[in-house]
Amino acid sequence: MRVLLLAMAVWVAGLGARAEPAADIQTVIDGQFEAFAKDDLDRAYGFASPMIQSYFPTPQIFGRLVQDKYPVIWTARTVTYLGLRQEGARMIERVQVIGADGALGQFDYEMIEVDGKWRINGVWPVKTDSVGV
């Protein structure tokens, strides 16, 4: 009986540990979407990992890339979180986005921890059979 209770306690603790990163990760991604909506490139850039910032050395260059290559993210009207998975030290959050023009896209956000804070380390489009609304 004690073994069963101990196993249940470990399982429940594991659920709590998994929920906290998910909420923190979604807060970071939401923050970047909000920054894009307000054309606050400095703030949006702050959510990017050091690696991303090294590829795009200014917030303006970073913003231009997002605007040109990821217009549905730049103009996001609706954001839905579809699931979080772990791959090694990275966490991958699948996000569905509907842009201002009704275009629909799904993206995998690679998240890494930097100095105890989650940062976006890359965003990749996911092929789907969905059609925009």
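Reader: Which residues does Ile120 touch, leaving out those up to four places away in sequence?

Author: A contact list shows what surrounds a residue. This is a predicted model, and here Ile120 touches Val28, Ile29, Gln32, Phe47, Ala48, Ser49, Ile52, Tyr109, Glu110 and Met111, not counting residues up to four places away in sequence.

Reader: Which residues touch the most other members of the largest nonpolar core?

Author: Start with the general idea. In soluble globular proteins, nonpolar side chains tend to be buried together. In this model the largest nonpolar core has 29 residues. Ile29, Ile73, Phe107, Tyr109, Met111 and Ile120 touch the most other members. Helices H1 (2-37), H2 (41-46), H4 (59-69) and H5 (71-74) each supply at least two residues of this core, and so does each of the strands S2 (90-99), S3 (104-114) and S4 (117-126). H1 gives the largest share, 7 residues.

Reader: Now Asn121. Is Asn121 buried or exposed?

Author: Read the relative accessible area against a cut-off. Buried means under 20%. Asn121 is at 9% relative accessibility, so Asn121 counts as buried. Asn121 is found in strand S4. Leaving aside neighbours within four places in sequence, Asn121 is in contact with Ser49, Met51, Ile52, Glu110 and Ile112.

Reader: Next, strand pairing. In what sense do S2 and S3 pair, and over how many bridges?

Author: Look at direction, then count bridges. S2 and S3 pair in the antiparallel sense, over 8 bridges. Then check the turn. The hairpin of S2 and S3 has 4 residues between the strands, and Gly102 takes a positive phi near 90° there.

Reader: How many bridges join S3 to S4?

Author: S3 and S4 are joined by 9 bridges and run antiparallel. Phe107 has Pro125 as its bridge partner in S4. In this hairpin there are 2 residues between the strands, and Asp115 takes a positive phi near 50°.

Reader: On to charges. How many salt bridges does the structure hold?

Author: The structure holds 6 salt bridges. Glu87 forms a salt bridge with Arg85, with the closest N and O atoms 3.0 Å apart. Glu87 also meets Arg90 in a salt bridge, at 2.6 Å from N to O. Arg90 forms a salt bridge with Glu110 too, the closest N and O atoms being 3.0 Å apart. That pair links distant parts of the chain: Arg90 is in strand S2 and Glu110 in strand S3, 20 residues apart.

Reader: Which residues are linked in a network of salt bridges?

Author: Arg85, Glu87, Arg90, Arg94, Asp108 and Glu110 are linked in such a network.

Reader: Last topic, rings. How many aromatic pairs does the structure hold?

Author: First the general idea. A pair of aromatic rings is described by the distance of the centres and the angle of the planes. The structure holds 6 aromatic pairs. Phe33 and Tyr109 form a tilted pair, 6.2 Å centre to centre with 50° between the planes. Phe33 lies in helix H1 and Tyr109 in strand S3, so this pair ties together parts that are 76 residues apart in sequence. Phe33 counts as buried at 8% relative accessibility, and Tyr109 counts as buried at 1%.

Reader: Why is the pair of Phe56 and Phe62 tilted?

Author: The ring centres of Phe56 and Phe62 are 6.4 Å apart and the planes are at 55°, so the pair is tilted. Phe62 counts as buried at 6% relative accessibility. Ring pairs also link Phe36, Tyr45, Phe56, Phe62 and Trp74 into a cluster.

Definitions and conventions:
Residues are numbered from 1 along each chain as its sequence is written. This is a predicted model: local features need pLDDT of at least 70, side-chain atom pairs count only at pLDDT 80 or more; totals for chains, interfaces and linings use all residues. Side-chain values use heavy atoms; hydrogens and water are left out. A nonpolar core is a set of buried Ala, Val, Leu, Ile, Met, Phe, Trp, Tyr and Cys residues joined through side-chain atoms within 4.5 Å. Buried means under 20% relative accessible area, exposed over 50%, partly exposed in between (1.4 Å probe, protein chains only). Contact means heavy atoms within 4.5 Å. A salt bridge is a side-chain nitrogen of Lys or Arg within 4 Å of a carboxyl oxygen of Asp or Glu. Two strands pair if DSSP finds at least two bridges between them. Rings of Phe, Tyr and Trp (its six-membered ring) pair if their centres lie within 6.5 Å; planes under 30 degrees apart count as stacked, over 60 as edge-to-face and the rest as tilted.
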